[in-house]
Amino acid sequence: ILDFGLAKLAGARDLTKSGSTVGTTSYMSPEQIRGEPVDYRTDIWSVGVVLFEALFGRRPFEGDYEQAVMYAILNTEVIVDSREAHGVSPSLTSTLKKMLNKDPAQRLRSAEDLIAALTPSGGGAAKMSPPEGPPPTTPSVAVLPFVNISASSDTEYFGDGLAEELISSLSQLDGLRVAARTSSFRFRGSEVDVRDIGKQLHVDNVLEGSVRWSGNRLRVTAQLVKASDGFHLWSRKFDRELQDIFAIQDEISLAIVENLRVSLLGDERVKLVRRYTENFDAYQLYLKGRFYLNKRTAEGFGEAIECFTSAVELEPNMAPAYAGLADAYLLLARYGILSPAESLERGKAAALRATELDPSLAEAHASLGYARRSCDWDFEGAEAEFERALELDSGSASIRHLYAWFLTALGRHDEAFEQMNRARALDPLSLIINTNLGTILYFQRRFREAIDHLRATLELDPDFVVAHQWLGRAYEMEGLMEEAIEEHAFAVGVLADPESVASLGHANAIAGRPAEAEESLAELARMEETRYVSAYWKALVYAGLGDIDSALPNLEQAVDSRCDWSVHAAEEPMMDPLRSDPRFHSILGRIGLATSGG
């Protein structure tokens with residue numbers, strides 16, 4: 001007799017009351033946790049948990065406390081590390097995943113089906129029998145930022161850029177899984193053991209190195225290390241002239257491929273060693289532009305635009321530099337630093353130029369997708385660009401992240417969550433990706449789950465302000481007003497941006513503090529004297545105050561100005577007071593957004 005949550009006999013009366021659950025949490029199915037009706041497929045799920053635990057020595061859904069376990073069962077996918085799977089047949093792993101499918105309709109339908117799936121041809125019980133040779137696995141690697149040991153700290157961007165270029169090249173290979181930049185770069189300057197890095201990033205190998213730049217000479221050291229035991233698979237020191245950086249990148253990339261026994265097809269070899277310029281000055285400016293872009297600050301965006309612009313002046317056909325320029329302008333609009341009128345069209349033009357120069361550049365298609373969404377409200381065209389980007393680079397966490405954010409705006413939350421979850425699998429330590437998983441839960445109105453997830457994200461970095469912003473919104477929707485106001489006040493203190501000010505104003509309005517909400521409106525008006533402030537944020541505060549006749553004209557102005565946040569209004573719970581007014585649906589209908597509640 002196994003205690004895996006709940007057994008149900010044919011014809012038996014229900015064991016639970018509506019909305020309640022019975023069972024041991026770790027073995028409960030998603031439908032049990034949600035208090036939904038259950039049948040034999042729930043038992044299939046629970047047996048799957050027991051079988052998984054027996055095979056791999058751990059449960060498929062884990063957490064430090066009960067709520068975390070429930071969240072994992074409801075939202076995270078089963079992942080089997082290649083190191084765990086040794087001796088477990090692919091067919092058995094596939095059967096386990098079918099048993100643990102979150103959708104009951106996709107599971108095995110009965111105990112008879114389960115027995116058939118677990119019984120090899122010729123009869124007998126299923127068992128773990130090692131294959132004749134080692135099972136096929138996908139090699140994996142994390143590329144850490146190259147340590148800058150030059151005399152000047154001004155060349156730090158070069159080591160980052162070298163690592164980022166290697167990640168970009170290697171991640172396009174179907175036979176190699178590469179940890180995303182954000183997660184790998186979180187270990188910059190740390191003393192974390194390589195074995196711990198491997199565990200945290202779920203990779204078998206780590207590439208690390210250093211860069212020394214002096215005059216016209218460059219010294220690069222690189223070593224490929226096996227994460228399980230710290231054994232060096234390959235190491236090399238390069239003493240070359242600066243112009244040889246391209247050859248150095250090629251040699252390191254090909255050494256990784258060779259040592260990890262990744263097979264390269266002809267087209268993949270071309271992709272791996274692709275060069276967009278032989279001009280070192282243009283390349284240096286491009287790397288510096290990416291370095292500043294990744295800072296995600298107003299000053300960083302400005303510096304990035306200058307660097308990318310100078311790069312394309314030196315190398316007019318450098319597609320990646322145009323893609324970087326597109327990202328910088330689009331993010332200026334996204335962060336509300338420049339008005340959409342000043343930035344969106346420039347971003348779109350740069351993205352178009354990048355795709356014209358290189359139709360195979362995935363990041364350019366992703367940028368163009370974002371531009372079509374925000375600049376043209378062309379959702380069909382935007383989705384085509386995102387899909388093309390993923391065809392070209394399915395291993396890009398940033399592209400999946402962008403695509404998920406796009407799907408959220410259209411109310412396709414399940415698809416969005418799947419894409420964001422896949423992005424997190426590629427980039428497990430990314431703070432923004434982890435935060436935006438909570439954001440999708442918020443838009444799905446699963447506020448309690450959003451709170452749990454955002455709290456878990458803040459355990460990675462308690463100071464990550466974007467997680468505080470969304471946690472404040474989720475608290476508010478759960479009626480936890482003091483907690484909501486505290487989170488929004490924290491964000492205002494750190495960022496002092498229109499979004500944080502408006503969110504605090506909305507929370508105060510809902511909490512019955514209209515004077516404080518009016519002060520937020522006054523603060524937004526003061527901000528307009530020195531920077532761009534979208535009317536969307538005023539609409540948000542007025543919605544909280546219940547002043548529909550002031551909220552709707554501001555929302556309309558935001559739509560007219562192509563405010564990037566306008567596409568989220570249809571799904572935003574804070575906009576609920578406007579849904580009973582036909583004008584709300586008319587405004588959003590103009591840009592092709594489906595609305596509810598009208």
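Student: Which residues line the largest cavity?

Tutor: Keep in mind that this is a predicted model. The lining of the largest cavity consists of Arg 177, Val 178, Ala 179, Leu 201, Ala 425, Leu 426 and Pro 428. Two elements, β3 and α18, each give two or more residues to that lining.

Student: What makes it count as a cavity, and how many are there of 30 Å³ or more?

Tutor: A cavity is a place where a 1.4 Å probe fits but cannot get out. The count at 30 Å³ or more comes to 1, and the space in the largest cavity is about 30 Å³.

Student: What is the make-up of that lining by class?

Tutor: There are 6 nonpolar residues, 1 charged and no polar ones. Arg counts as charged, so Arg 177 supplies the charge.

Student: Which residues of α18 are buried?

Tutor: They are His 413, Ala 416, Phe 417, Gln 419, Met 420, Asn 421, Ala 423, Arg 424 and Leu 426. The cover over them includes α3 (66-75), β3 (177-178), α16 (379-392), α17 (397-409), α19 (431-443) and α20 (447-460).

Student: What about α20: how do you know its span agrees?

Tutor: The 14 residues of α20 should span 20 Å at 1.5 Å a residue, and the end C-alpha atoms are 20 Å apart, so that agrees. Its buried residues include Phe 447, Ile 451, His 453 and Leu 458. Among the elements covering the buried residues of α20 are α3, α18, α19 and α21 (465-477).

Student: Why is Ser 374 called buried?

Tutor: Buried means under 20% relative accessible area. Ser 374 has 0%, so the label holds. This serine lies in helix α15, residues 362-375.

Student: What makes the pairing of Ser 374 with Asp 564 a polar contact?

Tutor: The cut-off is a pair of N or O atoms within 3.5 Å, with one able to donate a hydrogen and the other to accept it. The side chains of Ser 374 and Asp 564 are at 2.5 Å, so the distance passes. The Ser 374 side chain also makes a polar contact with that of Arg 373, at 3.0 Å.

Student: And which residues does Ser 374 touch, leaving out those up to four places away in sequence?

Tutor: Ser 374 touches Leu 344, Arg 562 and Asp 564.

Definitions and conventions:
Residues numbered from 1 in each chain as written. Predicted model: local features only at pLDDT ≥ 70, side-chain atom pairs only at ≥ 80, totals over all residues. Heavy atoms only, no water. Buried < 20%, exposed > 50% of the residue type's maximum accessible area, 1.4 Å probe, protein only. Helix = DSSP H or I, 4+ residues; strand = E, 2+ residues; numbered from the N terminus. Contact = heavy atoms within 4.5 Å. Expected span 1.5 Å × (residues − 1). 1 Å grid on protein atoms, 1.4 Å probe; cavity = no way out; pocket = protein on both sides within 12 Å on 5 of 7 lines; lining within 4 Å. Points joined across faces, edges and corners; volume = space filled by probe spheres on them.
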